[in-house]
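Hi everyone, thanks for making time. Today I'd like to talk about charged side chains. Let's bring the structure up.

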Amino acid sequence: MPELPEVETVRRTLENYVLNKEIRDIDIFYNKMIRNQSIEAFRNQLIGKKIDRIERYGKHLVFVIDEYALISHLRMEGKYFIKHLEEERNKHEHVIFYFTDDSTLRYQDTRKFGTMDLILYKDLHLNSPIVKLGYEPFNNLLDSKYLKQKLSKKTVAIKSALLDQTIITGLGNIYVDEVLFRCNLNPNMPSNQLKKKDYDNVILYSKQVLEKAINLGGTTIRSYTSSLGVTGRFQNDLLVHTKVGTPCVVCGTEILKTKVNGRGTYYCPNCQK
DNA sequence: GTGACCACCTGGCCGC
DNA sequence: TGCGGCCAGGTGGTCA
């Protein structure tokens, strides 16, 4: 699924294709994808406008279109493609933006989990899904004091806490497994049992793992391949995620797969006691 | 306030 | 080969 590195890769790639293009028309084939506007209002507010820039907050892409912010969340399998006007629509393309130069931006989502919210840009940090997000690992405000405040009263498993986007934003199932392995933390450990060095390690390795993944263009696995022909290479650097049955790179113990609050979770039972 | 559970959705996989 | 059932999972809503 697209996590922060994959979304950042999509953002950087799309910037090369859609900036300053004028929207001539929009087709929406799955109405539930547009959450906070009627289809008519969504179209009326964007048609005739140009895409000024693309921002990213955690896993949210924000297309800045004149005075509006189009907040797109790819969820599980959302992807964007640039295609010529005349290319046939495939059945998983749910929103198509037509530009005046006869190119199109197409949002494709096999499972239809993705969402789009359209708000005024001035309200982006006042009244939008962005407001609830915690700090990204790259934010200097994310320190051990902040983590202690957020986690020290939580009994929920550390894996679940790190997936909570209101605490740290940008980590998803793949990268949480990788971070916990590097921290030698068991995914089921109650959040309130972490020590100061654990907070420091979570911050350090979250940053390290995400930075490397961004540099490698994200991770390409069965449930996610990037758009526009961009393929990530971080899957070659995964140490535990999807490695069930293979020896741990540190101690040689067989990597196990379990479930933590319903999420598939990979870990080394020896390194992550 | 917290945590558990469910719905959303469809392709892939497995067993029969 | 075809069918049914299960699994995958980020997020928001509901309920205890």
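**Salt bridges, pair by pair**

Let me begin with one residue: Glu55 is buried, at a relative accessible area of 14%. Please keep in mind as we go that this is a predicted model. Who is the partner of Glu55? That is Arg53, and in this salt bridge the closest N and O atoms are 2.8 Å apart. Arg53 has a relative accessibility of 35%, so we call this residue partly exposed.

Next, have a look at Lys83 and Glu93. They form a salt bridge too, with 2.6 Å between the closest N and O atoms. Lys83 belongs to strand β5 (residues 78-84) and Glu93 to strand β6 (residues 93-99), so this pair ties together parts that are ten residues apart in sequence. Are these two buried or exposed? Lys83 counts as buried, at 16% relative accessibility, and Glu93 counts as buried at 0%.

Now over to the helices. Lys159 and Asp177 make a salt bridge in which the closest N and O atoms sit 2.7 Å apart. Since Lys159 lies in helix α4 (residues 158-163) and Asp177 in helix α5 (residues 173-182), the pair ties together parts that are 18 residues apart in sequence. Both of these residues, Lys159 and Asp177, are buried.

Finally, let's go beyond single pairs. Which residues are linked in a network of salt bridges? They are Glu8, Arg11, Arg12, Glu15, Arg56 and Glu136. And how many salt bridges does the structure hold? The count is 19.

Note on methods:
Residues are numbered from 1 along each chain as its sequence is written. Chains are lettered from A and ligands numbered from 1 in the order in which they are written. This is a predicted model: local features need pLDDT of at least 70, side-chain atom pairs count only at pLDDT 80 or more; totals for chains, interfaces and linings use all residues. Side-chain values use heavy atoms; hydrogens and water are left out. A salt bridge is a side-chain nitrogen of Lys or Arg within 4 Å of a carboxyl oxygen of Asp or Glu. Buried means under 20% relative accessible area, exposed over 50%, partly exposed in between (1.4 Å probe, protein chains only). Helices (H or I, at least four residues) and strands (E, at least two) are DSSP runs, numbered from the N terminus.
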